Structure formats: C-alpha cells, structure tokens
Amino acid sequence: MDRVSNLPDEVLCHILSFLTTKEAALTSILAKRWRNLLAFVPSLTIDDSVFLHPEEAKQNRQDIIQSFMNFVDRVLALQCNSPLKKFSLKSFTVDDTDRVDGWISNALARGVSDLDLKIIIRSDKWNFYPMSPKCFECSTLVKLSIGCGVDVTLAAGRIFLPMLKTLVLVWVKVCPNEFETLLHALPSLEKLVLLRVIWKGRDVIVSSASVKTLIVNLGFWLNTLSFDTPSLVHFDYSGSAAWDYPVVNMGNLVDTQIDFYLSQLHIKLLGAPGNDEDALPYSNAWKLFHGIRNVSHLSLFPDALEVLSMCSESLPVFNNLNSLAIRSDKDRRWQAMPALLRNCPHLETLVIQGLVHHVTDKCGDVCDCISREDKGLSLKVCPVKVMEIYGFRGTMKEMAMIKHFLDYFPCLKEMEVYAEENNNPTQLGGNQRVLEMFKLYNKLSSCNVQLFI
C-alpha cells in the first residue's frame, strides 16, 4: 500500500518543496496522484547545473540551455498565481536577461518571502547581471540573498522592503552611497551578511539602527569602513582590513569573532624592526577594537593576534569581557597576549586552540618559552577561572605551558585539556609520562585539571 500517496495535498507539496524543482517535476510520472502537485509546491529551487549536467558539457549546448529556459517557463506557467514562499534561482548559463527578469518578477508578484538569486550572465565578456530595481519593491520579502555576478543598482525612492529581516550579499557589485540608502530604508532588518562584496567606491558605511547580526568578509582593501550599528549583538569580521575605521558604534555587542587575513608581506612588515607603523595597512585596526570594547565573548584568530601586536599600547579595556577564545598558529606570534589579558579585568573563561606559536622575545610573560625575571606577571592580574585547551599533542613544551598557567593564574579553578583530533588517542593515552604529569598537576594545584583523549 502506497501510504505516502494517501497523504493530504498540503503535506505532499511540503515534502516536494525540499527537492529541486527538476526533481519535484519528475515525481509527476509516479502516478496520477502526483501529476498536478507541482502546480502547488510553495518553494521552487531552480538550478541550471542540476538540469544541464556540466560534467557532460551540456552547459555548452544552446539547445540544452533553451530547453532549460523553456522548463522554467512551463513550471511558472503551471503554477499561475499560486502563493510562493521561496524562490531560489541559480543560473550560470542563461544569457537572456529579459527572461531572467521575468522569472524574478513572477516570484515577486506571487508574494514570495524568501528570494535567493545567484546569476552569472553567459557571454564572451565578463558581465554582471544588472539586477532589476523591482527586487527592492516587495512588501512580502523577509529574506533576500543575492550572489555571484550581480550588479546591484538601486533606484532612489524605489526601495520598499518593510518586512525584510535578512539581507545577504555575496560577490556582488554595490555602490557604497546606494548601499547606505538601502540600509536606511530597511526598518525591520536584523541580519546583514556581506561576503567579498565588490564595492564601487573605497569608502563604505554600514549604518543600521535595527541590525543585530553582522557578518563581514572583506575581500578587497577599503580606504575607510565605518559601522554605525548601535543594536548589534553578533559581529563576525574576516578578510582584509580597511586603512581606517572612522566610526565603530557597537555599544550592545555580546559576541565577536575577528579573523584578519595577513599575507606573507604583511607578516614581514609587522616583524621588521624600526618599521613605520603608520604606513602599514593595519595601523588603524585599534579603532575597530575600541568599537567592540563592550563585547562579552571575543574570539580571535592567529592573524588577528598579529594585528593586535602593533596596537597593544592602544588596546582598550574590555570591562564586559568574560569569555576569550584564542586560536594559535605555529607561524604567528603571541606578542599581543600580555596586554590583552591585562585589559580583561573580569575575564572568567579562556579558550586556547593550540598552544604552539611563533616564539619571540616579545611574547611577554604569558608563555614559558623564554626565561625572564617578570615571569607570569600578566597572568597574576588576570582573574580567569576556567581554561579550555584544544589541539593538545602531549609534547613537553605544551606540558611546560600548562604548568606555567597553573602556577600563575591565581583564580584558576578548572582546566580542561582536549587532545588533537588527528592525534592517535592510543598513543597519547599510552604516554605514561604525560598521564603522570597530569596527576602530579592535580596534586600540586588547587585547580581541577582534566585530560580528554
């Protein structure tokens, strides 16, 4: 007995909405019961790579491309004016922009709430798809995602997206002035994602009174990058830096992740003695850190630590910070760690992914790599109570670092050490010397030390 076919139409259409539109259309040959269901599926996922089979080079055949366009036309005609919740279009082969405009207009006219567009115009020259301003005139849109080769051109006075809560821009061309106008016209915006946006100008302002989550991956250098986002709660920044951050207004931040990208040339410049820091592209990064000083949870990647090393003297006091996560790398230094820990007066949890780092005489007293008279001074003023260490390999150098933390963190109560995932658990567990040292640490310290293999 076919129990699935006996389900109500609404349930079957909901199930079909999780398939690509091509797969949903193929179900019409199963039985009469399925023949007309596609007309009422509330979610369309149209992907020309699924239809054209690029592994068979069908994307180069004009007759196949024409067949794909005809298929989309038939599906939209079949559905007529039935309500549409989500419309996802991924097209890297169609060169008929009027046809593409018509598909998008059809979705907008049917009250779509989730619109996802990834469009590259097929031509001899590299052309971005000129997005129709109609996409920014829709009273039902809640989520708008635009990516892959789209030129976002906005018409002044024609932005009407009162319900939009999520805006995602990925590798699209945008004019900074038009972008600022767009954000001011989005009263309900809560989440903004900007990934490798190709800015048409070098001065960008991200200004929104309502946005709570901001994810930025900067693929190109900017002269200035400002953030006027007073309601921001979650901030994720990665990629290149701007030469300057004139405004960073993020007074309500809860968690932040910073992952700068440093080339080998940047690393060389940062490490060069007597270098003029004002000439370096990251010399004003301290302004960004001043803007996030109210954050409660902060995660820093290796290159972010490198950038902090050149602005340690300008580092703000993180009065609200109670959780700090650091990711280490064998080629990156810990020179910013002493100032960072000293400027976290209420830090309770410290998470370190990997203890191995590039050792210099400026690592300060945080690590035990170089003998010094002021050993552990920065640790002594840090109130951290819980430490989590990941990527442990069981080396004696790591063991010495762990003992250093146990000796000099005065308030430390719990330390959890997790073995490296790629490490052989049997080999590490069989290292009697490592296990004995952990037992000894527990006896000699008031801190509870646990090793997880």
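Among contacts in the protein chain between residues at least 6 apart in sequence, 61% join residues at least 24 apart. The model is predicted. The chain holds 14 helices and 23 strands. Of its 453 residues, 49% count as buried. Its accessible surface comes to about 21,300 Å². Carbon and sulfur atoms account for 52% of that surface.

**A helix pair**

Two packed helices are described by the angle between their axes and the distance between the axes. Helix α4 (residues 62–79) packs against helix α5 (residues 97–109) at an angle of about 25 degrees. Their axes are 11 Å apart. Angles under 35 degrees count as roughly parallel, so α4 is roughly parallel to α5. The crossing of α4 past α5 is left-handed.

From α4, the residues in contact are Gln66, Phe68, Met69, Asn70, Val72, Asp73 and Leu76. They meet Arg99, Trp103 and Asn106 in α5. By class, this contact has five nonpolar, three polar and two charged residues.

**Two cysteines with positive phi**

Cysteine 80 lies in the loop between α4 and β2 (86–91). Cysteine 148 sits in the loop between β5 (143–147) and β6 (150–152). Phi is positive in cysteine 80, a residue other than glycine. The phi of cysteine 148 is positive as well.

| Residue | Phi | Relative accessibility |
|---|---|---|
| Cysteine 80 | near 50 degrees | 48% |
| Cysteine 148 | near 65 degrees | 22% |

Are these residues buried, partly exposed or exposed? Cysteine 80 counts as partly exposed because its relative accessibility is 48%. Cysteine 148, at 22%, also counts as partly exposed, since buried means under 20%.

Conventions: Residues are numbered from 1 along each chain as its sequence is written. This is a predicted model: local features need pLDDT of at least 70, side-chain atom pairs count only at pLDDT 80 or more; totals for chains, interfaces and linings use all residues. Side-chain values use heavy atoms; hydrogens and water are left out. Helices (H or I, at least four residues) and strands (E, at least two) are DSSP runs, numbered from the N terminus. Buried means under 20% relative accessible area, exposed over 50%, partly exposed in between (1.4 Å probe, protein chains only). Contact means heavy atoms within 4.5 Å. Accessible areas come from the Shrake-Rupley method with a 1.4 Å probe; for residues, only the protein chains shown count as cover. Axes are lines fitted to C-alpha atoms, for helices over the stretch in contact, and angles run from 0 to 180 degrees between N-to-C directions. Angles under 35 degrees count as roughly parallel, over 145 as roughly antiparallel, 65 to 115 as roughly perpendicular and the rest as oblique. A crossing is left-handed if the near helix is turned anticlockwise from the far one by less than a right angle, and right-handed if clockwise. Ala, Val, Leu, Ile, Met, Phe, Trp, Tyr, Cys and Pro count as nonpolar, Asp, Glu, Lys and Arg as charged, and the others, Gly among them, as polar.
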